Amino acid sequence: MDARAELLDLLRENARYSVSDLARLTDRDESEIEETIAALEQAGVLRGYQAVVDWSQAESEPVRATVELNVALDRETGYDDIAERIVEFDEVRSLRLVSGDFDFALDVEADSMGAVSRFISEQVAPVPAVTQTVTHYVMESYKENGIEFDDGHDDDRLSVTP
Amino acid sequence: MTGPSIAERVRQVPPSGIRRFFELAEEMDDVISLGVGEPDFTAPSRAREAAIASIEQGRTSYTANRGKRELREAISDHIEKWELTYDPADEILVTAGASEALDLTFRALVDPGDVVAIAQPSYVSYVPGVVFAGGTVLPVQTRAEDEFVLTPEVLEEAGAADADLLVLCYPNNPTGATMTHEELARVAAFAREHDLTVLSDEIYADLTYVGEHTSIASVEGMKERTVVYNGFSKAYAMTGLRLGYALGPSEVIDAMNRVHQYTMLSAPTTPQYAAIEALRSCDDSVERMRTQYDRRRKFVLSRFSEMGIDCFEATGAFYVFPECPWNDADAFAEALLEEQKVAMVPGSAFGESGSGHLRVSYATGLDDLRTAMDRLEQFLQ
């Protein structure tokens, strides 16, 4: 793996690895690590560093939904134009154009079911190109960003083995 | 009443050298153990699913003595990457762990008084295995200055020229040392010259971090005098499923199978299904684990160098084998355990040439590894 690929892999595993740990883990100099991360940020490859939250363990939990969106394109309106409008909303946590039965997949987050519903019916559905929305509320999350939300496996290995 | 009397060959084998240390560590809470000789990962889910499916389908009978044909064929394909060609029909034997395969070989090849040279430091089972079979052990001490690579010089010095068998293990437990083709070729020349049969434990072959693994059996003229051991415990994190295999000349595999069919009958069936799937579809999982080990290896070596601990660059298995900062590694390991709750195994447990060293396993998550290194640093101050 080259330095960029390796750093991306490590930061996706844990964005809070310190520069010194990243250097140790890859057997590279700290300065090289700093430069590579800076270059990745500059190039727009690294767009942010965020926490993975298990809301079921938190004191309050936002309501989240996955929304399927169908749209109708015309000469003046392409997918990118529609996406540009929709990404503007704070409620939209992610927006992807996907293959299959519908066009866009949105992750939406708000304080209540009412707020999510209102957001879809009052903000998303009225966008002229949008022909259909299907909202799936998230009921339980088992894994986010590659991290499993269980208690982990107990290490039942013997403490010292040959 | 005098009670049953324990056989002499069992009495002469002392309890495992790490036993006492294990008991100490087990008594304490919150110990971070770098003394574990098995992966901290679980077996790939595809392999586990295959095992479960086989049970659901009621596949719970014996298999062929030598192991399921399908598995032997998959093994035969898998080992081609190491330039090993073995016939699934009569040159491969599936066993309950590579340990069983080694034991079978000792029983099949060792007559009372036969001399078995064992390259040390080594895994703790070879010596007792030879003793149980009635053989005589000839320890061959590899040297720290050679980075624990086996050389014809140390073989000569130990008198291995007169031995019948030679046991070696690379990538090595406990040192993490690996051997290149050239280095193995020198040992191979010695073995051919002195007519030694070589037992090559390559259970860590897939966990090689620099260059490619080389099997001594792939060196010219060695296949007919070598038995190779491998299995699913380490690379596939399947230790508890107890499945390994041996590769060797058909007459040796036949002899081993004769012992195997009367003692084990066949390796456990369920793990064989897991193993077939592992070989078929789990290369990516192995690669992911290998990547993690490699990072941890670099991490630990960096930390040692920052602390001024001497350690050669181990390039295989999941161990590094630093020089102990104190003369007495046993005392050091015990004090480190008591004061900082970090367990490392004193190298002397693996043979004389391991003394003055510590075996540090990095089959432990990075968080624990980081904490363990911080505690070690604290301990040294």
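**View 1. The interface of chain B and chain A.** In this predicted model, 17 residues of chain A are in contact with 32 residues of chain B. The two chains bury about 2100 Å² between them, and 52% of this area is on carbon and sulfur atoms. B:Phe22, B:Arg295 and B:Lys298 account for 29% of the area that chain B buries against chain A, more than any other three residues.

View 2. Four salt bridges are counted between the two chains. One residue pair in a salt bridge is A:Asp9 and B:Arg295, with the closest N and O atoms 2.6 Å apart. B:Arg295 is also one of the three residues named above for their share of the area that chain B buries. Polar contacts across the interface of chain B and chain A number 15 residue pairs, with both residues at pLDDT 80 or more.

**View 3. The side of chain B that touches chain A.** Helices α2 (19-27), α11 (283-307) and α13 (366-380) of chain B are the elements that give two or more residues to this side. The largest share, nine residues, comes from α11(B). Sorted by class, this side of chain B has 14 nonpolar, 10 charged and eight polar residues.

**View 4. The two assigned domains of chain A.** Domain 1 of chain A covers residues 3-42 and domain 2 covers residues 57-139. Their C-alpha centres lie 34 Å apart.

**View 5. The salt bridge of A:Arg96 and A:Asp107.** The closest N and O atoms of A:Arg96 and A:Asp107 are 4.0 Å apart. A:Asp107 is partly exposed, at a relative accessible area of 28%.

**View 6. The salt bridge of B:Asp254 and B:Arg66.** Here the closest N and O atoms are 2.4 Å apart. Because B:Asp254 lies in helix α9 (residues 250-263) of chain B and B:Arg66 in the loop between α3 (45-56) and α4 (69-78) of chain B, the pair ties together parts that are 188 residues apart in sequence. B:Asp254 is partly exposed at 34% relative accessibility, whereas B:Arg66 is buried at 16%.

View 7. B:Arg143 and B:Asp146 meet through their side chains in a salt bridge of 3.1 Å, N to O. B:Arg143 is partly exposed, with 28% relative accessibility, and B:Asp146 is partly exposed, with a relative accessible area of 22%. Elsewhere, one network of salt bridges with shared partners joins A:Asp21, A:Arg24, B:Arg303, B:Glu306, B:Asp367, B:Arg370, B:Asp374 and B:Glu377. Over all chains, the structure holds 34 salt bridges.

**View 8. The surroundings of B:Asn172.** B:Asn172 sits in the loop between β5 (165-169) and α8 (181-193) of chain B. B:Asn172 is buried, at 4% relative accessibility. The side chains of B:Asn172 and B:Thr175 are joined by a polar contact of 2.8 Å. With neighbours within four places in sequence left aside, B:Asn172 is in contact with B:Pro121, B:Ala177, B:Ala317 and B:Tyr319.

Key
Residues numbered from 1 in each chain as written. Chains lettered and ligands numbered in written order. Predicted model: local features only at pLDDT ≥ 70, side-chain atom pairs only at ≥ 80, totals over all residues. Heavy atoms only, no water. Contact = heavy atoms within 4.5 Å. Buried area = accessible area lost by both parts, 1.4 Å probe. Polar contact = N/O pair within 3.5 Å; in protein donor to acceptor, adjacent residues only side chain to side chain. Helix = DSSP H or I, 4+ residues; strand = E, 2+ residues; numbered from the N terminus. Nonpolar A, V, L, I, M, F, W, Y, C, P; charged D, E, K, R; others polar. Domains from an automatic or database assignment. Buried < 20%, exposed > 50% of the residue type's maximum accessible area, 1.4 Å probe, protein only.
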